[in-house]
Amino acid sequence: MSDRPPLSQQVILITGASVGIGAALAGLLARRFPGVRLALAARRADRLEQVAESCRQLGAEVFVKPTDVAIPSQVTDLSKSVIDRWGRVDALVNNAGYGQMGPIELMPPSAAEEQFAVNFHAPLILTHHLIPVMRESGGGRIVNVSSLGGRMAFPGAGLYSASKFALEAFSDVARMELKGFNIQVSVVEPGPVVTEFFQAAWQKVLETVPDPEKSIYRPVFEKIEGIDRQLAILGWTPDRVAEVIIRPLVARHPRPRYYAATGGAFFVPMMTKFMPTWFTDAFWKRIYGIDLVEKEWGDGEMGRWEKSG
């Protein structure tokens, strides 16, 4: 296997690069590794160009490709465009993603299709196209930005967790299959991040679920609407998460997983391995308001729900 070039000479493709974690990562790479070649993709061309220009001023060479990763043909075109531009991709950061929030009962199949298109199928398509290119150039890095929700399922976020669980499984398989080609695959698992994530998730609720305030799951929607304020004390900045994403890009032997959450290395094993299921169920039901739904149902108040509708 040939040695990998230093990061300042690499081509790095970042999706979801117009705001939040992706924009922070692009800026951090440009500042820390002058000369790095960045391929930046996102839907919003104006914001993407702003990020690109700031990176150029820091010494990076930047290629911008407006892309809606929910559309497979655009994802395919993205990979082809970057290869046509530079002939190689040394690192892929699958960062684009969003969350569908709401009880499973109320989420239509179309919502699941869109959720998986962005959070799972787009990384799969990009990885599929870039494996041969990385192999031919002697190796590469693939970093999939998942979530603590990819290790623990939260009520009220079933579609989001399902898509991230799928991304985690795909990452594990790819890590095993590609290591022999010197292609290293890692997952970064952020917790709450101070971005537009929860505002966008609440907007999706309003688009997907008619009259959430009249639903039997009203307590859940009330929790979702205010969850960004509840979690703000634990939230990381995008810059802080970007610092974690850089680790598997520069490490000689990157780890399979990196936590980007306060206490993540303690909290995740505790909740997934050591606590009994009844305890973790009760914990998450309380956090997301399912306990209140159960209480009102159990108290025989369905008549009140029906009248309010």
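For the protein chain the mean pLDDT is 88, with 89% of its residues at 70 or more.

Some ground rules. This is a predicted model, in which local features need pLDDT of at least 70 and side-chain atom pairs count only at pLDDT 80 or more, while totals for chains, interfaces and linings use all residues. Residues are numbered from 1 along each chain as its sequence is written, and side-chain values use heavy atoms, with hydrogens and water left out.

Now the interior. In general, nonpolar side chains in soluble globular proteins tend to be buried together. A nonpolar core, as used here, is a set of buried Ala, Val, Leu, Ile, Met, Phe, Trp, Tyr and Cys residues joined through side-chain atoms within 4.5 Å; buried means under 20% relative accessible area, with a 1.4 Å probe and protein chains only. The largest such core has 39 residues, and Ile12, Ile14, Leu29, Leu38, Leu40, Val93 and Ile245 are those with the most contacts inside it. Helix H1, residues 20-32, gives the most to this core, with eight residues. Helices are DSSP runs of H or I, at least four residues, and strands are runs of E, at least two, numbered from the N terminus. Apart from this core lies another, of 29 residues, including Val82 and Ile142.

What does Leu29 touch, leaving aside residues up to four places away in sequence? The list is Leu7, Ile12, Ile14, Val36, Leu38, Ile246 and Leu249.

Next, Val244, in helix H8, residues 238-250. Is Val244 buried or exposed? Val244 counts as buried because its relative accessibility is 2%. Beyond four places in sequence, Val244 touches Val188, Trp236, Tyr258, Tyr259 and Ala260. Tyr259 is 15 residues away along the chain, yet its C-alpha atom is 7.8 Å from that of Val244.

One backbone detail: Asn182 is not a glycine, but its phi is positive, near 65°. Asn182 lies in the loop between helix H5 (158-178) and strand E6 (183-190).

That is the tour; questions are welcome.

Note on methods: pLDDT = per-residue confidence, 0-100. Buried < 20%, exposed > 50% of the residue type's maximum accessible area, 1.4 Å probe, protein only. Contact = heavy atoms within 4.5 Å.
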